[in-house]
Amino acid sequence: MAAPLVANRLSLLDQVTCPHCWNVFAPAESLWVSEHPDLIGDAKLGDIHAVRFLPSRFSPEGDAIDSEGYRATRLACPNCHLEVPRPLFQLPAIFYSILGAPACGKSYFLASMTWQLRQMLPKRFKVTLHDADASANARLHAYEEQQFLNADPDALVSIAKTETQGDMYDQVQMGDHSITLPRPFLFTLQPTATHPNHARAKAMSRVICLYDNAGESFLPGTDSVTSPVTRHLAHSACLFFCFDPTQDPRFRRACEGKSDDPQMKPRNARLQREASVRQDTILLEAISRVRRHAGLREDEQHQGPMVIVVTKWDSWKELLPDVSNAEPYFDRDEHSVRTLDSDRIRETSSAVEALLQEFCPEIVAAAQGFARELVFIPVSATGVSPEVDDATGSLGIRPCNIHPYWVEVPLLYALSTWTRGLIGAQYRIPKKQSSTEDTDA
């Protein structure tokens with residue numbers, strides 16, 4: 001069992017949810033990861049992984065002692081044996097799923113969003129976003145460095161396509177079957193000492209688990225017992241569906257003469273990385289999986305919110321010339337933090353929803369039939385259209401030209417609306433009221 005000294009000192013949660021297999025367990029049931037170099041070969045993870053064990057001895061600091069007398073410091077899930085970072089034992093977790101078709105811009109959106117949040121949250125909202133597990137976030141670090149810390153800012157670069165196998169997944173032996181599980185990106189979110197609600201930091205701090213699957217994982221028929229890589233959808237506090245207007249011929253026709261983006265050019269075939277399945281099919285497949293694994297009837301709406309993230313805004317913004325891409329925040333006199341302009345976000349959402357209703361009503365209908373809480377947010381992960389590399393014919397972006405807009409808004413809006421206290425949001429004063437409605441508290 002877990003050492004009482006550790007439990008008392010760290011105020012462990014009563015239950016922990018594994019971010020890999022979503023098994024719920026008590027901290028006392030946790031396995032530990034052996035540290036002795038000879039203790040290699042785990043029953044579920046294979047020959048190259050350290051043995052997981054249930055300890056009977058502990059160090060004075062409360063860490064387990066492996067069978068060879070080495071002090072262990074890492075913890076693992078008793079079900080899948082994959083490592084569970086310590087912050088998940090101390091802070092409640094929020095699961096967020098990012099989904100969409102291949103080449104819709106999910107990885108660009110995710111990299112730009114986390115980079116922007118790392119920069120702006122401490123300065124503008126007095127909240128920190130740190131890696132809960134740097135090794136789990138290694139792929140994301142590479143994305144961020146490629147776009148925002150590139151040694152050659154004039155070189156054409158492109159983020160590698162997310163694959164259905166590789167370093168974004170783990171193989172676990174469960175009985176007679178080998179199961180593929182997704183690796184989430186893990187962050188801690190905590191108020192700083194100057195946050196208005198710092199006194200409640202212990203209650204408001206969270207671990208955020210973000211999932212970014214390959215678009216092919218959402219194709220019909222790809223969800224199975226041995227590859228449950230998208231079952232995080234049923235556990236997510238908010239679903240972010242990325243819709244790519246450049247993959248829709250109706251949007252491309254509407255943008256003729258209004259966009260210089262090569263992805264918006266008239267064409268008779270899909271681009272190399274695009275899927276042969278329509279985006280509404282992928283959305284409906286994701287909805288079907290949520291219903292199936294969350295135990296919802298076909299006519300029952302999901303209680304969790306959904307954000308339709310309309311990507312590559314820079315390529316189609318002329319279709320909504322009256323919608324500004326300026327930041328939807330404002331300062332508050334009584335606090336040193338910024339506040340989300342909820343009305344501005346909702347007005348923009350209404351304009352984008354109307355545009356999608358005109359060109360692709362099937363996307364709007366599918367989302368409205370599923371989610372009780374729905375918002376449409378346009379984003380540009382780069383702020384600039386890609387260029388064609390003359391040498392390879394592929395599309396790339398020069399890091400020196402990248403200026404994202406609104407990429408952080410979907411997550412900030414989700415946090416402010418459905419996780420109160422960390423991010424403030426304010427509405428304009430309704431005509432029949434004389435005071436401001438504020439969702440800070």
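## Strand E18

In this predicted model, let's start with a strand: Leu374, Phe376 and Pro378 point one way from E18, Val375 and Ile377 point the other way, and all are buried. Because five of the five residues of E18 (residues 374-378) are buried, the strand is largely enclosed by the rest of the structure.

## The sheet around it

E18 belongs to an open sheet of seven strands with mixed pairing, in the order E9-E12-E13-E8-E14-E15-E18. E9 (127-131) and E18 stand at the edges, each with a single partner strand, so one side of each has no neighbour in the sheet. From one strand to the next, the twist averages 25°.

The partner of E18 is E15 (residues 306-310), and the two pair in the parallel sense over five bridges. One of the links here joins Val310 to its bridge partner in E18, Pro378. E15 also runs parallel to E14 (residues 238-243), again through five bridges, with Ile308 in E15 as the bridge partner of Phe241.

## Helices against the sheet

H9 (residues 342-359) lies across E14, E15 and E18, and runs at about 90° to E18. H3 lies across E8 (93-100), E9, E12 (185-191), E13 (206-212), E14 and E15, at about 135° to E9.

H3 covers residues 106-125 and includes Ser107. Ser107 is buried, with a relative accessible area of 9%, and its side chain makes a polar contact with the side chain of Asp212 (3.2 Å). The C-alpha atoms of Ser107 and Glu408 are 14 Å apart, although 301 residues separate the two along the chain.

## Nonpolar cores

Which residues have the most contacts inside the largest nonpolar core? They are Tyr96, Ile308, Trp316 and Leu356, in a core of 92 residues. The largest share of this core, 10 residues, comes from H3. Apart from it lies another core, of 28 residues, with Leu45, Leu82, Leu91 and Leu181 among them.

Back at Ile308, the residues it touches include Phe241, Phe243, Leu356 and Ala367, as well as Leu374, Val375, Phe376 and Ile377.

## A helix pair

H7 (residues 279-294) and H10 (residues 361-370) pack with their axes 9 Å apart, at an angle of about 10°; they are therefore roughly parallel to each other. From H7, Gln279, Asp280, Leu283, Leu284, Ile287, Val290 and Arg291 meet Glu362, Ile363, Ala366, Ala367, Gly369 and Phe370 in H10.

Definitions and conventions: Residues numbered from 1 in each chain as written. Predicted model: local features only at pLDDT ≥ 70, side-chain atom pairs only at ≥ 80, totals over all residues. Heavy atoms only, no water. Helix = DSSP H or I, 4+ residues; strand = E, 2+ residues; numbered from the N terminus. Buried < 20%, exposed > 50% of the residue type's maximum accessible area, 1.4 Å probe, protein only. Polar contact = N/O pair within 3.5 Å; in protein donor to acceptor, adjacent residues only side chain to side chain. Pairing = 2+ DSSP bridges. Core = buried A, V, L, I, M, F, W, Y, C linked by side-chain atoms within 4.5 Å. Contact = heavy atoms within 4.5 Å. Axes fitted to C-alpha atoms, helices over the stretch in contact; angles between N-to-C directions. Parallel < 35°, antiparallel > 145°, perpendicular 65-115°, else oblique. Lists of a residue's contacts leave out its neighbours within four places in sequence.
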